[in-house]
Amino acid sequence: MQTISLPVARRTALAAQGFADPRPATAPTRRHLAKVLSRVQLLQLDSVNVAVRAHYMPVFSRLGAYEPALVDDAAWSHSARRPRLLVESWAHEASLLPMEDWPLLRSGAKRDGWWRNYTRVVETVPGLLEDVLAVVKEQGPIGAGGIEKALEAEVAGRGPGAWWERSVVKKACEYLFGLGQLTTGTRRSFERLYDLTERVVPPEILSRRVSADEGARGLIDRSARALGVGTETDLRDYYRLGPEVARQAVAELVEAGTLEPVQVQGWRAVAYRHSEARTPRSVTGRALLCPFDPLIWERDRTERLFGFRYRIEIYVPEPKRVHGYYVFPFLLDGALSARVDLKSDRAAGVLRVQGAFAEPAVDQRRVAAELAGELAHMASWLGLDGVVVGKRGDLASAVKKDVG
């Protein structure tokens, strides 16, 4: 088994995620977006909108300023000339993923998600799922609130505690979404508007049948392409596969020559490198990474690769937070060099840096200058007038000076 150094593993991972590719010199197009998707494989969705929606940021991190409508059109609009590229499903978490990957997610390779907890709720209401599907068929794309209103007249005579209260209807929608019978037709102010999957996923993709074993191999292959090199646990986590399913798929892909076992210096577990992974001699450039960027979302891997301990502190009481509420690591020339707590203050028209912290042993002067430049770029992309830097953190004063 070949042994590779940690810097080699790091550059391999960064190249796999698209950070060895130069940002386009012209306005990014759908072709550029497709290239990013071929690297990361999926975009995680999240409701937090403190700085920017999570699914927009990884594209900005790799392409620089682009028109967010590129993602919106790829995910939630369709025409004969510009078909949808993406569909929503449970993957890592709720995610946007390439339309052609739908059969892999529905193959049985992936474990049922948390939505299975709603089984007993929906089963206590006879006809609930059928009624929800009927409303969506007639009126979709439609939100859970709209479905509730459509059902009110029908169930009004059922007495106190009728099941059409919003929470139960929403659970029924999420249950059907988890089963793949509903997906997102479009979004309205980020509200999911449900539609029948058959009206969103093209028939040639929807009809494709994939066995659980084939689905697992396909998903692990995509994980390995996205990671470049990773342990079995890393590969499994990308699509949240079960241990036994993932281990079998890894073994089969090793036998097929798609994955190569390697030992990364300093890692206890065996790693696997994709046969098409490349390792550039160096990685240059800069990027701000949102907490849900696929490069860093697996925190143990982030620490193994970069020596960077990262935790999201949204649910930590404010007095106990170390770095802040919504912290973005800063990637500079292949290293995670700093972190900033960001907030888009749309009322004031500024990007607020509520804390800026340097990693140990970095050139703070250079890091501050590069970080200030990227913060200004991000503010402009978000349509904000500038950057305002607070006082928290050992890098704050230098960044404030460079922001001007």
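Leu 43 has Leu 96 of β4 as its bridge partner. This is a predicted model, in which local features need pLDDT of at least 70, side-chain atom pairs count only at pLDDT 80 or more, and totals for chains, interfaces and linings use all residues. Residues are numbered from 1 along each chain as its sequence is written, and side-chain values use heavy atoms, leaving out hydrogens and water.

Strands (E, at least two residues) and helices (H or I, at least four) are DSSP runs numbered from the N terminus. Two strands pair if DSSP finds at least two bridges between them. Strand β4 has two such partners in the table.

| Strand | Sense of pairing with β4 | Bridges |
|---|---|---|
| β2 (residues 43-44) | antiparallel | two |
| β3 (residues 86-90) | antiparallel | five |

Leu 86 is bridged to Pro 98 in β4. Three residues lie between β3 and β4 in their hairpin.

Is β4 enclosed or open? Five of the five residues of β4 (residues 94-98) are buried, so the strand is largely enclosed by the rest of the structure. Buried means under 20% relative accessible area (1.4 Å probe, protein chains only).

The count of cavities of 30 Å³ or more is one. A cavity is a set of points on a 1 Å grid over the protein atoms alone where a 1.4 Å probe fits but cannot get out; lining residues have an atom within 4 Å of a point. Volume is the space filled by probe spheres set on the points, which are joined across faces, edges and corners. The largest cavity has about 40 Å³. Its lining includes Tyr 238, Trp 297 and Arg 301. Helix α12 (residues 232-238) gives the largest share, three residues.

Conventions: Buried means under 20% relative accessible area, exposed over 50%, partly exposed in between (1.4 Å probe, protein chains only). On a 1 Å grid over the protein atoms alone, a cavity is a set of points where a 1.4 Å probe fits but cannot get out, and a pocket is an open set with protein on both sides within 12 Å along at least five of seven lines; lining residues have an atom within 4 Å of a point.
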